Amino acid sequence: MSLYRSSIWFLKGLSEYTRSSFESAAKRFVEKDLDVSVAGRSFMITGASSGIGKAVATAIAKRGGTIHMVCRNKDKAEEARAEIVKETGNKEIYIHILDFTETRKVWEFAEAFKKKFRSLNVLINNAGSMLTQREVNTEGLEKNFACNTLAPYILTKSLVPLLEKSGDPRVIMVSSGIMLVKKLRIGDLQSQRGRFDGTMVYAQHKRQLVVMTEQLAKAHANIHFSVMHPGWVDTPAAAEAMPDFYQSMKNKLRTPEQGADTVVWLAVSEASAAKPSGRFFQDRKMIPTHLPLAWTHSSLEQKERFMTLLEELAKASQPH
């Protein structure tokens, strides 16, 4: 059985990632955790025009937060903003247009944001890409990597000074349970070797986000970092990128709101801030980053080398 096919069977087999598993987990949720007002706090959400990102933006807007939607498509972003304003009555919602696959533009956006806005309390790195064919950006970087791994790194590192001077700063990375089938790979970050498999490349990037979160938490103790798996969620991106999986599982997939729940909990609740920084979450609880007896563990040296490589790639595209 191919790695791709075995991974699809793995995805189908994890029943705890489905809609029914969320409904079961929700029975233990503490309702008052999300019974909060976040008026006066600002939240940046990447990939906020649809799916999980839009659901997160809506939930936080309902609680009074100022929302910065960072999206690739202007028309979709404006449509999403109008719907969120109509549903929540919150007009403190701002649109920023950015192509996350263009590394230099990510730098430029982050630096411009710091100059324009005086605070940012929460950064939610949600935007993702699962191109099925290998493509490179202006800097010669593979586009999925540029969007899924390097963009969150650059955005986070650039915005750290702004976050650190804001109250109760938090950074949340949206990963995926598919990363459990992958070990951190640092020798082929641009996916140049062998056959290009968009699903497995995506899984690698989601593993990289988990490692990145762990390491950033160590480097920036004044910011609360977390990374999470939303479960298998019914989104336009899932339907487009994994049509076979989507068709076979669509009646069991979580709603965007269910997928967004733990992101919102991590972003606004006092309970989540009391958890250790740098951990992996699903359904409002910390979970392991490896399957039992898995071969996916990496050494601290490998993790630190990965962060060094990210820094080198980031600096190479930084405007001067």
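Mentor: Buried means under 20% relative accessible area. Keep that cut-off in hand, and remember that this model is predicted.

Trainee: Are Tyr17 and Trp232 buried or exposed?

Mentor: Tyr17 and Trp232 are both buried.

Trainee: How many aromatic pairs does the whole structure hold?

Mentor: A pair of aromatic rings is described by the distance of the centres and the angle of the planes. The search finds six aromatic pairs. In one of them, Tyr17 and Trp232 have ring centres 4.8 Å apart and planes at 80 degrees, so the pair is edge-to-face. This pair links distant parts of the chain, 215 residues apart. Tyr17 sits in the loop between α1 and α2, Trp232 in the loop between β6 and α8.

Trainee: Which residues form an aromatic cluster?

Mentor: Tyr94, Phe109, Phe113 and Phe117 form one.

Trainee: What is the order of the strands in the open sheet?

Mentor: Strands of a sheet pair through backbone hydrogen bonds, either parallel or antiparallel. Here eight strands run β3-β2-β1-β4-β5-β6-β7-β8, with mixed pairing. β6 and β7 run parallel, joined by three bridges. Ser226 stands opposite Arg279 in β7.

Trainee: Which strands does helix α6 touch?

Mentor: Helix α6 packs on the sheet against β1, β4, β5 and β6. Its direction makes about 175 degrees with that of β4.

Trainee: Why does Ser272 count as buried?

Mentor: Ser272 counts as buried because its relative accessibility is 1%. Ser272 lies in helix α11. Beyond its neighbours within four places in sequence, Ser272 contacts Arg170, His224, Trp265 and Leu266.

Conventions: Residues numbered from 1 in each chain as written. Predicted model: local features only at pLDDT ≥ 70, side-chain atom pairs only at ≥ 80, totals over all residues. Heavy atoms only, no water. Helix = DSSP H or I, 4+ residues; strand = E, 2+ residues; numbered from the N terminus. Buried < 20%, exposed > 50% of the residue type's maximum accessible area, 1.4 Å probe, protein only. Contact = heavy atoms within 4.5 Å. Phe/Tyr/Trp six-rings, centres within 6.5 Å; stacked < 30°, edge-to-face > 60°. Pairing = 2+ DSSP bridges. Axes fitted to C-alpha atoms, helices over the stretch in contact; angles between N-to-C directions.
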